[in-house]
Amino acid sequence: MESQILYQNGIDAISSSVANGVAGGAASSALIFLGTGCSSAVPNAMCLIQPSDPPCHVCSQALSVPPEQNPNYRCNTSLLIDYCQSDEKHSYILIDVGKTFREQVLRWFTFHKIPRVDSIILTHEHADAVLGLDDIRAVQPFSPINDIDPTSIYLSQSAMDSIAVKFPYLIKKKLREGQEVRRVAQLDWKIIEEDCQRPFVTSGVKFVPLPVMHGEDYISLGFLFGEKSRVAYISDVSRFPASTEYVISNAGAGQLDLLILDTLYKNGSHNTHFCFPQTLEAVKRLCPKRALLIGMTHEFDHYKDNDFLMEWSKREGIPVQLAHDGMRVPIEL
């Protein structure tokens with residue numbers, strides 16, 4: 001119970017610091033973490049069907065604690081940006097649509113009263129970022145003949161090429177003679193450059209692509225956004241190219257107000273992701289005003305590791321915590 005109280009106090013503190021320190025007051029816009037877990041999500045299915053002795057504490061907890069009360073229950077990493085413009089009109093921008101998207105809609109769209117998705121941005125084309133694309137139709141107006149305005153979706157050319165193979169029916173619009181109309185998600189595909197110098201605008205927000213290495217043979221994209229508060233979202237990274245690091249570094253283009261960063265395993269290293277030691281080193285090097293971590297496996301216990309991070313934050317002078325599914329961070333953009 002004590003660790004849970006410390007956890008909640010820590011979350012309240014970092015949310016408050018983002019709302020007040022970054023926004024300078026009450027904020028209408030917000031970042032909503034739809035998922036903060038790795039590709040296989042948490043709990044890890046193998047821990048439940050072939051339990052160890054003793055059983056995995058983090059995964060076994062999922063059988064006894066409702067997911068909405070369990071910050072160790074993690075869907076695929078995904079962020080929803082609730083952008084409130086000056087006229088109080090809200091736009092909803094979704095980053096990544098992974099395997100657990102439908103569950104995230106049922107759990108967090110309803111909880112946070114998110115009525116729709118206005119635009120979509122994809123970091124890359126791996127399963128945990130795109131395999132929920134078919135379910136986008138669930139958050140679009142119903143039309144049996146697909147007579148609706150398509151949702152804009154931004155992605156790199158390499159991601160487009162891969163998705164065209166995975167989801168040909170979401171790409172091709174012209175029906176063959178005699179082919180029946182079937183209700184599918186309506187998407188307007190827009191190619192973006194893997195280049196920090198080629199920003200794009202969607203739903204009123206400017207995004208700067210942040211190419212990062214996701215293994216030495218693969219480029220994934222993070223994104224820098226926000227005029228009043230500079231936010232960088234980087235979900236899949238094993239190394240920063242120098243040009244990208246400059247854009248998001250306090251020693252380069254300027255200090256970030258909030259860094260949202262990948263951390264896969266608690267110990268050691270991984271060939272395609274930052275793990276906890278590399279993530280904390282990157283936070284120290286980039287020196288944002290504060291950071292939230294995402295992409296965790298079941299090795300992370302939210303309460304215990306946030307206790308550790310509170311001490312680390314005091315020592316290093318940079319507030320850092322693990323994010324959790326359903327977390328809403330008010331922020332001025």
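**Strands, helices and rings**

Mentor: Strand β1 pairs with strand β14 (residues 328-330) in the antiparallel sense, over three bridges. Helices (H or I, at least four residues) and strands (E, at least two) are DSSP runs, numbered from the N terminus, and two strands pair if DSSP finds at least two bridges between them. One thing to keep in mind: this is a predicted model, where local features need pLDDT of at least 70, side-chain atom pairs count only at pLDDT 80 or more, and totals for chains, interfaces and linings use all residues. Residues are numbered from 1 along each chain as its sequence is written, and side-chain values use heavy atoms, with hydrogens and water left out.

Trainee: Okay! Which residue in β14 is the bridge partner of A30?
Mentor: That is P330. β1 is also joined to strand β2 (residues 78-84), by five bridges, and these two run antiparallel. There, I32 has L80 in β2 as its bridge partner.

Trainee: How many of the residues of β1 are buried?
Mentor: Six of its six, so to speak a mostly covered strand. Buried means under 20% relative accessible area, exposed over 50%, and partly exposed in between (1.4 Å probe, protein chains only).

Trainee: What is the strand order in the open sheet?
Mentor: It has seven strands in the order β7-β8-β9-β10-β11-β12-β13, with mixed pairing. β7 and β13 stand at the edges with a single partner strand each, so one side of each has no neighbour in the sheet. On average, neighbouring strands here are turned by 25° against each other, direction ignored. Axes are lines fitted to C-alpha atoms, for helices over the stretch in contact, and angles run from 0 to 180 degrees between N-to-C directions.

Trainee: Which helix lies across β11, β12 and β13?
Mentor: That one is α9, running at about 155° to β11. α10 packs on the sheet too, touching β12 and β13, and its direction makes about 175° with that of β13. Contact means heavy atoms within 4.5 Å.

Trainee: Which residues of α9 are buried?
Mentor: In α9 (residues 276-286) they are F276, T279, L280, A282, V283 and L286. They sit on the same side of α9 because they cover an arc of only 160° around the axis. The arc is that of the directions from the helix axis to the C-beta atoms.

Trainee: And what do those buried residues pack against?
Mentor: They pack against α8 (242-248), β11 (258-262), β12 (291-294), α10 (302-316) and β13 (320-322).

Trainee: What follows α9?
Mentor: C287 does. Its phi is near 55°, a positive value in a residue other than glycine. C287 is in the loop between α9 and β12, and at 26% relative accessibility it counts as partly exposed.

Trainee: Switching topic: how many aromatic pairs are there?
Mentor: The count comes to 11. Rings of Phe, Tyr and Trp (its six-membered ring) pair if their centres lie within 6.5 Å; planes under 30 degrees apart count as stacked, over 60 as edge-to-face and the rest as tilted. F101 and F109 form an edge-to-face pair, 6.1 Å centre to centre with 90° between the planes. F101 and F109 are both buried.

Trainee: Why is the pair of F276 and F300 edge-to-face?
Mentor: Because their planes are at 90°, with the ring centres 5.3 Å apart. F276 lies in helix α9 and F300 in the loop between β12 and α10, so the pair ties together parts that are 24 residues apart in sequence. Both F276 and F300 are buried.

Trainee: Where is the cis peptide bond at P43?
Mentor: It joins V42 and P43, with omega about 15°. P43 has its place in the loop between β1 (30-35) and α2 (45-49). The peptide bond from D53 to P54 is cis as well, with omega near 0°.
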